[in-house]
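This briefing is meant for a reader who is meeting the structure for the first time. Please look over the sequence and the model, and then read the notes below, which are grouped by topic.

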Amino acid sequence: PSAQFAAGRVSVWPPAPARFGVVRQARTRLDFAPETLLCMGVPYPLGRLLVDRGVITTEQLDTAVSRQRSVRKPLGQTLVDLGMTTVDQLLNALSAQFGIPATRVNAYTMDPDALKAVPEKIARQHLAFPLFRVGNTLTVAVADPHNLSALDDLRFATGCEIQPVVALDEEIGLAIDRFYQEIRALGAMDH
C-alpha cells in the first residue's frame, strides 16, 4: 500500500478491506485532493477546484460551462464575466491547479529588457508576456503553463531559463498589444 499525503491527512491506498480482498472500490481522480493530483502529474479540473473551495456552486459551474460553449472563452474568464467569481479568486485557483505562482499582468510596468528578449511573434503565438529578467532567468506570464512546447520555444528564442507564472489569457493579450506597441513606437522615435 502507498501513503498519499494530502491536505494534512494521510490516506492509505488501497483501503484496509480491499487489501484483504473483501471490498475493492474504484477511485477516480476527483477522490484525491488537488495537491495530491498535482504531485501525481494529473491535472485537476478548474471548475471542480472552484466548487471544492466553495468559490462557486455546482449549479453555477453548470451554467458557466453551458455559457462557455456559446461564447468560446476559457471557463475561468466565463465565470468572471458572469460575476460568479473574481479575478483574484480565479488566479488563486489557477495557481493551485498548476502549482506555480499567479499574477495580474496589468499590475506590472513594462520591463524593456524582458520585452526585448521575447520577439513579439513568439509572444503572440504562445500567448506569453515577459515580465522581468534576472540574470539568465526570464519570468513569463502564460495562460497554459503545461504547454511545454511553448516554454521550449520561449527558452530557445530567448536563450534564457523560463520561469512561468500563470495569468489570464485576456490580460496577457492586452499586455502584448499595449507594450509591444510602445516598444515599436519607441523604436520609431530612435530613427
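Which residue in β5 does Val140 stand opposite? In this predicted model, the residue that Val140 stands opposite in β5 is Pro164.

**Strand β4 and its partners**

- Strand β4, which covers residues 137–142, has five of its six residues buried, so the strand is largely enclosed by the rest of the structure.
- Strand β3 (residues 128–134) is joined to β4 by six bridges, and these two strands run antiparallel, with Ala128 having Val142 as its bridge partner in β4.
- Two residues lie between the strands in the hairpin of β3 and β4, where Gly135 takes a positive phi near 60°.
- Strand β5 (residues 161–166) is also joined to β4 by six bridges, but here the strands run parallel.
- Together with helix α9 (residues 148–158), β4 and β5 make a β-α-β unit that is right-handed.

**The nonpolar cores**

- The largest nonpolar core holds 25 residues, of which Phe129, Leu138 and Leu154 touch the most other members.
- At least two residues of this core come from each of α7 (112–117), α8 (120–126), β3, β4, α9, β5 and α10 (169–190), and α10 gives the most, with five residues.
- Another core, of 21 residues, lies apart from this one, and among its members are Tyr44, Ile56, Ala93 and Leu168.
- Once neighbours within four places in sequence are left aside, the residues in contact with Leu138 include Ala114, Val118, Phe132, Cys160 and Ile162.

**Helix α6**

- Helix α6 (residues 87–98) has twelve residues, which at 1.5 Å a residue should span 16 Å, and this agrees with its end C-alpha atoms, which are 16 Å apart.
- Its buried residues are Val87, Leu90, Leu91, Ala93, Leu94, Gln97 and Phe98, and they cover an arc of only 160° around the axis, which puts them on the same side of α6.
- After α6 comes Gly99, whose phi is positive, near 75°.

**Thr78 in helix α5**

- Thr78 is found in helix α5, which covers residues 75–81, and with a relative accessible area of 2% this residue is buried, because buried means under 20%.
- Not counting residues up to four places away in sequence, Thr78 touches Ala64, Arg67, Gln68, Val71 and Lys73.

How values were computed:
Residues numbered from 1 in each chain as written. Predicted model: local features only at pLDDT ≥ 70, side-chain atom pairs only at ≥ 80, totals over all residues. Heavy atoms only, no water. Buried < 20%, exposed > 50% of the residue type's maximum accessible area, 1.4 Å probe, protein only. Helix = DSSP H or I, 4+ residues; strand = E, 2+ residues; numbered from the N terminus. Pairing = 2+ DSSP bridges. Right-handed = clockwise from strand over helix to strand, strands pointing away. Core = buried A, V, L, I, M, F, W, Y, C linked by side-chain atoms within 4.5 Å. Contact = heavy atoms within 4.5 Å. Expected span 1.5 Å × (residues − 1). Arc of directions from axis to C-beta.
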